[in-house]
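Me: I've got a structure open and I'd like to learn how to read it piece by piece. Can you walk me through it?

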Amino acid sequence: MVKMNDKIELLMENKLSDKQNNVTEISSLIAEIHSDATTYLDEQLKKHGLTGLTASHGFILYLLSQNIDKETGELLPMTMKGISRKIDKDKSTATVLIRKLEKLGYVSRSKKDQDTRFFYVSLTEKSLSLVNELKKISSELSQKFYIGFSDEEKKTVFTLLKKIQSNFN
C-alpha cells in the first residue's frame, strides 16, 4: 500500500502508472489531505483547550475575526448567508455550526434595523480571546502542510490546486 506522502512524491515525479495517475486517484488524494487536515485541526483545538469545537467552528471564528472594516479597523458582523458561502456549506449546516458557537458563548446573532430577513453574526468578548490561539493553530497547520517544500514548490502546488478549483466555478 502506497502512503499519502509517497503518492505525492510519485505524482510529482510522474512515476505513477496510468491507472493511478487519473482523476479518481487525484480526487482521492485531495480528500485524504482534507481529512488529515481536519483531524489535525480538531486535535489542535482540543490540545489548546478548545473542547467542543471542530475545525469548521474554528474556521467560522477565524473568518469573523478577519472581517475588519479597512477604514476604522472595527470588526464587522457577517450575514449567515455570507458565512455559509465562505465555508462552502449549505445554510442549514452553517446554521447548526453557528448555533453551537452561540450556545458556547463565542458568537451572537442579531438582526439589523427593520430587515428581519438576515441574521448577522458577531464575535463575543469570549471569542476575541481565542483569536490569537486560532491564528497560531492555523499557522501550525500551514507549516505542517509545507514541511520539506521549497518556496517554488509551495507556489506550484497552490497554483495547480487553484486551477483545479477554478474549473468548478
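Me: Let's start with the overall build. How many helices and strands does the chain have?

Reply: Keep in mind that this is a predicted model. The chain has 8 helices and 3 strands. Going from the N terminus, the order is α-α-α-β-α-α-β-β-α-α-α.

Me: What share of the 169 residues is buried?

Reply: Buried residues come to 25% of the chain. Of the contacts with a separation of 6 or more, 48% involve residues 24 or more positions apart.

Me: Now helices. Which residues of helix 4 are buried?

Reply: A general idea to start with: an α-helix has 3.6 residues a turn, so residues three or four places apart point the same way. Helix 4 spans residues 80-87, and its buried residues are Met 80, Gly 82, Ile 83, Ser 84 and Ile 87.

Me: How do I read the packing of helix 4 on helix 5, and what is the angle?

Reply: Take the angle and the axis distance together. Helix 4 and helix 5 pack at about 105 degrees, and their axes are 9 Å apart. Angles of 65 to 115 degrees count as roughly perpendicular, so helix 4 is roughly perpendicular to helix 5. From helix 4, Met 80, Ile 83, Ser 84 and Ile 87 take part, meeting Lys 91, Ala 94, Thr 95, Leu 97 and Ile 98 of helix 5. Sorted by class, this contact has 6 nonpolar, 2 polar and 1 charged residues.

Me: And at what angle do helix 3 and helix 5 pack?

Reply: Helix 3 (residues 55-66) packs against helix 5 at about 80 degrees, with the axes 10 Å apart. That makes helix 3 roughly perpendicular to helix 5. Ser 56, His 57, Ile 60 and Leu 61 of helix 3 make the contact with Leu 97, Ile 98, Lys 100 and Leu 101 of helix 5. By class, that gives 5 nonpolar, 2 polar and 1 charged residues.

Me: Can we zoom in on one residue? Is Leu 64 buried or exposed?

Reply: For a single residue, check the accessible area, then the contacts. Leu 64 lies in helix 3. Under 20% relative accessible area counts as buried, and Leu 64 has 2%, so Leu 64 is buried. Beyond its neighbours within four places in sequence, Leu 64 contacts Leu 75, Met 78, Ile 83, Val 107, Val 121 and Leu 123. Take Ile 83 as one of them: Leu 64 and Ile 83 are 19 residues apart along the chain, with 8.5 Å between their C-alpha atoms.

Me: What about a loop residue: where does Thr 124 lie?

Reply: Thr 124 lies in the loop between strand 3 and helix 6 (125-128). Its relative accessibility is 18%, so Thr 124 counts as buried. Not counting residues up to four places away, Thr 124 touches Gly 105, Tyr 106, Val 107 and Ser 108.

Me: Last one, pockets. What is the volume of the second largest pocket?

Reply: Its volume is about 180 Å³. The lining consists of Thr 79, Met 80, Lys 81, Lys 91, Thr 95, Arg 99, Arg 109, Arg 117, Phe 118 and Phe 119. Helix 4, helix 5 (91-103) and strand 3 (115-123) are the elements that give two or more residues to this lining. By class, the lining residues of the second largest pocket are 3 nonpolar, 2 polar and 5 charged.

Key. Residues are numbered from 1 along each chain as its sequence is written. This is a predicted model: local features need pLDDT of at least 70, side-chain atom pairs count only at pLDDT 80 or more; totals for chains, interfaces and linings use all residues. Side-chain values use heavy atoms; hydrogens and water are left out. Buried means under 20% relative accessible area, exposed over 50%, partly exposed in between (1.4 Å probe, protein chains only). Helices (H or I, at least four residues) and strands (E, at least two) are DSSP runs, numbered from the N terminus. On a 1 Å grid over the protein atoms alone, a cavity is a set of points where a 1.4 Å probe fits but cannot get out, and a pocket is an open set with protein on both sides within 12 Å along at least five of seven lines; lining residues have an atom within 4 Å of a point. Grid points are joined across faces, edges and corners, and a volume is the space filled by probe spheres set on the points. Ala, Val, Leu, Ile, Met, Phe, Trp, Tyr, Cys and Pro count as nonpolar, Asp, Glu, Lys and Arg as charged, and the others, Gly among them, as polar. Axes are lines fitted to C-alpha atoms, for helices over the stretch in contact, and angles run from 0 to 180 degrees between N-to-C directions. Angles under 35 degrees count as roughly parallel, over 145 as roughly antiparallel, 65 to 115 as roughly perpendicular and the rest as oblique. Contact means heavy atoms within 4.5 Å.
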